[in-house]
Amino acid sequence: MKVRRRFGSVVEISERRLPDLKSLLMGAAGLAVRVEATATCVVSGAQAEVSASEFSVLSCVSRSEWIDAEALCRAADVDMDLILSMVDKRLLLSDRAECKGLVEADAQLEARGWLPMAAAYHAATRWSGVLGDEAVRDHSPDAVRARMDQSMRQFGAPPPHLPEHPEATVRIALGEQRVSPALSVLLGDRATRRAYRTDLTLPFGQFGAVLHAAFAAQGARTLAPHCVAMKRTSASGGGLHPIEPYVLVVNVEGLESGLYHYEWGRHALALLRPVDTEILRSCIERFVIGQSYFAEAHALVFHVARASRNTWKYRKHAKAYKVLFMDSGHLSQTLYLAAADLGLGAFFTGAVNDADFVQWAGLDPLDSIVIGANGFGIIDASRTELDMRPEPWEA
């Protein structure tokens, strides 16, 4: 058997307080501090404890060249059982058949230009099967106040909404300059809505208008053979536009409910999977961790970033992963404004079981990053208990 080190080895050092029976028997505090090292798998997100002996072995192994396991035992002065244990814990790769999938996944991440720390963060923060209580908890003013009081007792008051820099020497009022009246009204109408008319069908034209305004190609420029820069109504880091819209059509005029890919260069929907409306609502609840009110929306758009779009240009770059989230934010804000312009409601949630959606939609888990989901539809104005209703602000 031959072995080598992983493409990315990200290790966290932490402390854990454990009962110390010897101290307890001697009348002392009875707690001992144990320092632990934990490695995160950049493919699966699984974590494994790393011992001092295993650290020593890792320092003797190349990331690019295979070494015979017996030779490694001699070089690190350890026995074969430790090496086999490290292979089982995915701290080392081996050339055995059972490790083939992991070896290939590691190689794909490196070839696509992932920064190892970004890959580890992405793998460790994917959700599957998470279920929150947001939909079933009490949202009355008294219940919300009780939860806020509990948080403040536990953590203290939240950081202030409007911080002031301590070194400021003068403040200059900027007066009443405004953008155009039309834009001012549109920005004022932009709001998150969580209640939708499930008894009404969203007109096909309004549905298409929202997608076109938020995601459709607006222009293109050829930079080199096979290299074309696209323009949307929203900015994108490096002009790469890595976010692909995957649309769950729930109740739209003339469309079968199900999963679609919005082909934004054509302004067209590609049907991937028809799904019965009620079954689709159940799927949506699962994908958005049980926030059942979001399943009332007429359509949802999952923002799926293709990491390889960014890492192709920004290889192992410290900002390549972060910019994906900025791109999604730009697109979400544009969708909000388009929905508001049409008198529709909209929302965005980042609380998604991203690993589950990737599997369900048949996407590449090493390249597809589900950042969150927009939803939109016809507002149910009779139910506003989950909507923010702010008073006008005066500076």
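Helix 9 covers residues 204-215. Helices here are DSSP runs of H or I with at least four residues, strands are runs of E with at least two, and both are numbered from the N terminus. At 1.5 Å a residue, the twelve residues of helix 9 should span 16 Å. The expected span is 1.5 Å times one less than the number of residues. The end C-alpha atoms of helix 9 are 16 Å apart, which agrees.

The buried residues of helix 9 are Phe207, Gly208, Val210, Leu211, Ala214 and Phe215. Buried means under 20% relative accessible area, exposed means over 50%, and partly exposed lies in between (1.4 Å probe, protein chains only).

The model is predicted; local features need pLDDT of at least 70, side-chain atom pairs count only at pLDDT 80 or more, and totals for chains, interfaces and linings use all residues. Residues are numbered from 1 along each chain as its sequence is written, and side-chain values use heavy atoms, without hydrogens and water.

The chain contains 13 helices and 14 strands. Of its 395 residues, 39% are buried. Contact means heavy atoms within 4.5 Å. Among contacts between residues at least 6 apart in sequence, 70% join residues at least 24 apart.

Three strands form an open sheet in the order 2-3-4, with antiparallel pairing. Two strands pair if DSSP finds at least two bridges between them. Strand 2 (10-19) and strand 4 (47-49) stand at the edges. Each has a single partner strand, so one side of each is left without a neighbour in the sheet. Strand 3 (residues 31-40) is joined to strand 4 by three bridges. Ala39 has Ala48 in strand 4 as its bridge partner.

Most residues other than glycine have a negative phi. Arg90 is not a glycine, yet its phi is positive, at about 65°. Arg90 lies in the loop between helix 4 (80-88) and strand 6 (92-94). With a relative accessible area of 38%, Arg90 is partly exposed. His226 also has a positive phi, near 65°. The loop between strand 7 (219-224) and strand 8 (227-231) holds His226. His226 is exposed, with a relative accessible area of 87%.
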